[in-house]
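I opened my notebook to look around a new structure, one part at a time. Here is what I wrote down as I went.

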Amino acid sequence: MRMEQVDETLERIRREVARTPDGVLAFDGDGTLWSGDVGDDLFLALLEHGGVRPEARVALERLGALHGVEAHPDAVTLARGLFAAFEAGRLPEKDTYEMMAWVFAGWHADEVRGFAHDVVARKGVAGRIHPEALRVVEWARGQGVDCYVVSASPRAVVEAAVREVGLTAEFVLACTPREENGRLLTSVFDPVPYGPGKVSCLRQRTDRPLCAAFGDNVFDLDLLAAARVPVAIRPKPRLRERASELPALVQLQPETA
């Protein structure tokens, strides 16, 4: 991947926007707009809080049985075992991201939003924003270009996190648990914004031209490939390994605050 300065990238995006003024930008969240993973932050905070409710227990046991994770009478301990299996590569990423959203089953949606807002504040997400990504978002906002955030993390925590870059919940596409009477269930809406699902989610929301997309990991590759200007921000090794599949992909030069 060729390294590109932010001003160079913005100039190329500006030309695309001039060609199609109704175009949009799309960003991954974790690792792209900010360092770290707010989905992990939320999930681990839930476990520390001891907040896994009985409504989630059967689904956790079912997921564990599918992937060889030992059952445990304590739901929090079982959830920790599932997360350890994910970190060891034994629990598929997509299943893990879904779990992190539906593990709040039994909580009221407003409770989850409040909890997520507190996690974002306590974990200092405001200080984890990548300056080069923020520059692009601020440029787009100044030009009236809509910016979507397409993330596999739970919707509540992504909505809380994007406020730190000046975006609003209406432009968030994230893993969203189903609800009944305002309380979360142990299932999520399809498609899950992971891999090809990122493009599917975006296209369900808008058919406007995708002028540019930004990501950091291999499961952002489909979203990046759908954009006229594909840009990697602080790419992880798995994306670097497959960067040759997308010759137009460039890496944005990291900046400091």
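Predicted model: local features only at pLDDT ≥ 70, side-chain atom pairs only at ≥ 80, totals over all residues.

Entry 1: I began with Phe83 and asked: is Phe83 buried or exposed? Phe83 has a relative accessible area of 8%, and the cut-off for buried is under 20%, so Phe83 counts as buried.

**Entry 2: its partner.** Next I looked up Phe86, which is buried too, at 17% relative accessibility. How far apart are Phe83 and Phe86 along helix α4? They are 3 residues apart in α4 (residues 75-87), which means that about one helical turn separates them.

**Entry 3: counting ring pairs.** I then turned to aromatic pairs and found 11 of them in the structure. Phe83 and Phe86 make one that is tilted, with 5.8 Å from centre to centre and 50 degrees between the planes. I also noted which rings are linked into a cluster with these two: Phe43, Tyr97, Tyr194 and Phe219 join Phe83 and Phe86 through ring pairs.

**Entry 4: another pair.** I checked Phe104 and Trp107 as well. Phe104 is buried at 1% relative accessibility, and Trp107 is buried at 4%. Their rings form an edge-to-face pair, 5.1 Å centre to centre, with 80 degrees between the planes.

**Entry 5: two helices side by side.** How do α3 and α5 cross? The axes of α3 (residues 54-66) and α5 (residues 93-102) come within 11 Å and cross at roughly 170 degrees. Angles over 145 degrees count as roughly antiparallel, so α3 is roughly antiparallel to α5.

I listed the residues that meet there. From α3 come Ala56, Ala59, Leu60 and Leu63, and from α5 come Asp95, Met99 and Trp102. I sorted the residues of this contact into 6 nonpolar, no polar and 1 charged.

**Entry 6: the sheet.** In what order do the strands of the open sheet run? The 7 strands follow the order β1-β9-β8-β7-β2-β3-β4, and their pairing is parallel. At the edges I found β1 (2-4) and β4 (172-175), each pairing on one side only. Neighbouring strands are turned by 25 degrees against each other on average, direction ignored.

**Entry 7: a closer look at β3.** I picked out β2 (residues 24-27) and β3 (residues 147-154), which pair in the parallel sense over 3 bridges. Which residue of β3 is the bridge partner of Phe27? I found Val149. Last, I saw helix α8 (residues 155-162) lying across β3 and β4, at about 140 degrees to β3.

Key:
Residues numbered from 1 in each chain as written. Heavy atoms only, no water. Pairing = 2+ DSSP bridges. Helix = DSSP H or I, 4+ residues; strand = E, 2+ residues; numbered from the N terminus. Axes fitted to C-alpha atoms, helices over the stretch in contact; angles between N-to-C directions. Contact = heavy atoms within 4.5 Å. Phe/Tyr/Trp six-rings, centres within 6.5 Å; stacked < 30°, edge-to-face > 60°. Buried < 20%, exposed > 50% of the residue type's maximum accessible area, 1.4 Å probe, protein only. Parallel < 35°, antiparallel > 145°, perpendicular 65-115°, else oblique. Nonpolar A, V, L, I, M, F, W, Y, C, P; charged D, E, K, R; others polar.
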